[in-house]
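Thanks for coming. I have one structure to walk through today, and I will keep to what can be read from it.

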Amino acid sequence: MKYTQNLPASFAVPCDITDAHLKLARELELKVLLWLLRHNGTRELSELAAWLGKSEEMLVEAAQYWVNKGVLKIAEPVEAATAASALSTKHLALSTNLPPARPTQQQILTRTHEDDNLRALFAEADKLLGRTLGYDGQCTLLMLHDHYGLPCEVIPMLLHYAKQVGKTNTAYWQAVGKDWAQRGIATLEQAAEQIEQLKANFDLWNALKARTGIAAPRPTDKQHAMLRKWTSDWKFGLDMIAAAYDEAAERTGKVSFSYMNKVLENWHAAGITTVEQAAAAQAKFTQERKAKPKQSKQTMQSGGFATSYDMNAFVQSTLEVPVWEGNKQ
């Protein structure tokens with residue numbers, strides 16, 4: 001017998017829940033997850049406990065099943081001394097590692113009917129694009145909010161930035177939104193900081209293009225992450241990044257951001273912060289390598305022949321990035 005949906009309101013449930021957990025999860029665990037999905041972190045587990053006639057401790061234990069499975073994550077830290085019963089839905093959120101389920105058109109209509117903020121978000125997106133958002137756009141924005149947990153007031157900032165850089169496709173919205181969610185971007189201030197970082201990355205990319213001849217018009221998502229790490233975490237400027245580019249090009253004969261990343265990582269670990277320090281370290285490295293005595297010929301006992309070099313050392317030297325020592329204080 002087949003059944004069709006006959007409900008006035010609905011909400012999205014990721015397919016992985018039924019595909020991987022329906023047989024394994026207990027009844028109370030399923031009820032807790034459905035409650036969390038339905039209210040998207042806006043209601044307390046104590047309310048569900050009272051409604052079901054269960055203790056809140058039991059519901060926390062049930063929620064922990066989904067945390068262990070990677071479906072839920074702890075969205076806010078809880079003090080160790082906090083009793084288990086104090087844990088509420090505000091501490092839990094859907095894991096961004098779980099593939100999002102695309103909502104149906106009916107689910108989108110239902111959500112916008114019950115949530116004024118979503119209606120305002122869709123209206124602002126229409127105005128920004130100069131056209132009707134359409135199903136794909138509405139679906140993506142709803143997933144950014146309901147699945148990844150981005151607040152409705154943050155998403156328009158993402159859309160404005162995407163338009164500025166000519167990225168109005170939904171795949172870009174989802175990629176950036178997922179990245180923001182994974183890094184806990186939840187306020188207007190945090191979103192503004194991320195946009196400034198992205199703009200700085202583009203400025204750096206254009207400067208690097210002019211300096212090195214890189215042809216790509218903009219960095220990939222992976223390259224964006226590297227640029228953010230080089231500038232924000234390791235505090236390297238254009239000169240040092242260009243020097244790493246030159247090092248990579250000289251040793252590999254091509255543009256290799258992975259090699260550049262390794263060079264900059266070594267410089268960062270060694271405390272090298274200027275091109276002069278890098279050049280001095282490289283000169284020292286080269287001098288020390290030349291100063292090493294050449295290996296004498298060794299007779300291979302098993303084969304009965306001699307060789308004047310260590311093949312393993314030669315192969316290793318062609319693969320490794322040299323670790324610069326720098327000038328230690």
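I will start with the chain as a whole, then go through some helix contacts, the aromatic pairs and one threonine.

First, the ground rules. This is a predicted model, in which local features need pLDDT of at least 70 and side-chain atom pairs count only at pLDDT 80 or more, while totals for chains, interfaces and linings use all residues. Residues are numbered from 1 along each chain as its sequence is written, and side-chain values use heavy atoms, with hydrogens and water left out.

Now the overview. The chain has 15 helices and 4 strands; these are DSSP runs, H or I of at least four residues for helices and E of at least two for strands, numbered from the N terminus. Of its 329 residues, 38% count as buried. Buried means under 20% relative accessible area, exposed means over 50%, and partly exposed is in between, with a 1.4 Å probe and protein chains only. Take the contacts between residues at least 6 apart in sequence: 63% of them join residues at least 24 apart. A contact here means heavy atoms within 4.5 Å.

The axes of H2 (residues 27–39) and H3 come within 11 Å and cross at roughly 130°. Axes are lines fitted to C-alpha atoms, for helices over the stretch in contact, and angles run from 0 to 180 degrees between N-to-C directions. That angle makes H2 oblique to H3, since under 35 degrees counts as roughly parallel, over 145 as roughly antiparallel, 65 to 115 as roughly perpendicular and the rest as oblique. On the H2 side the contact is made by Leu28, Lys31, Val32 and Trp35, and on the H3 side by Leu45, Glu47, Leu48, Trp51 and Leu52.

H3 (residues 45–52) also packs on H4 (residues 56–68), at an angle of about 115° and with the axes 9 Å apart. Here H3 contributes Leu45, Ser46, Leu48, Ala49 and Leu52, and H4 contributes Glu56, Leu59 and Val60.

Further along is H5, residues 105–114, where Gln107, Ile108, Thr110, Arg111 and Thr112 are buried. What do the buried residues of H5 pack against? They pack against helix H6 (116–129) and helix H7 (134–146).

On to the aromatic rings. Rings of Phe, Tyr and Trp (its six-membered ring) pair if their centres lie within 6.5 Å; planes under 30 degrees apart count as stacked, over 60 as edge-to-face and the rest as tilted. By this rule there are 5 aromatic pairs. In one of them, the ring centres of Tyr65 and Trp66 are 4.8 Å apart and the planes are at 85°, so the pair is edge-to-face. Both Tyr65 and Trp66 are buried.

Trp230 and Phe257 have ring centres 5.8 Å apart and planes at 10°, so that pair is stacked. It links distant parts of the chain, with Trp230 in helix H11 (residues 221–233) and Phe257 in helix H13 (residues 257–270), 27 residues apart. Trp230 is buried at a relative accessible area of 0%, and Phe257 counts as buried at 8%. Trp205, Trp230 and Phe257 form one aromatic cluster.

Last, Thr140, which lies in helix H7. Is Thr140 buried or exposed? At 2% relative accessibility, Thr140 counts as buried. Leaving aside residues up to four places away in sequence, Thr140 touches Thr170, Trp173 and Gln174. Thr140 and Arg102 are 38 residues apart in sequence and 7.9 Å apart in space, C-alpha to C-alpha.
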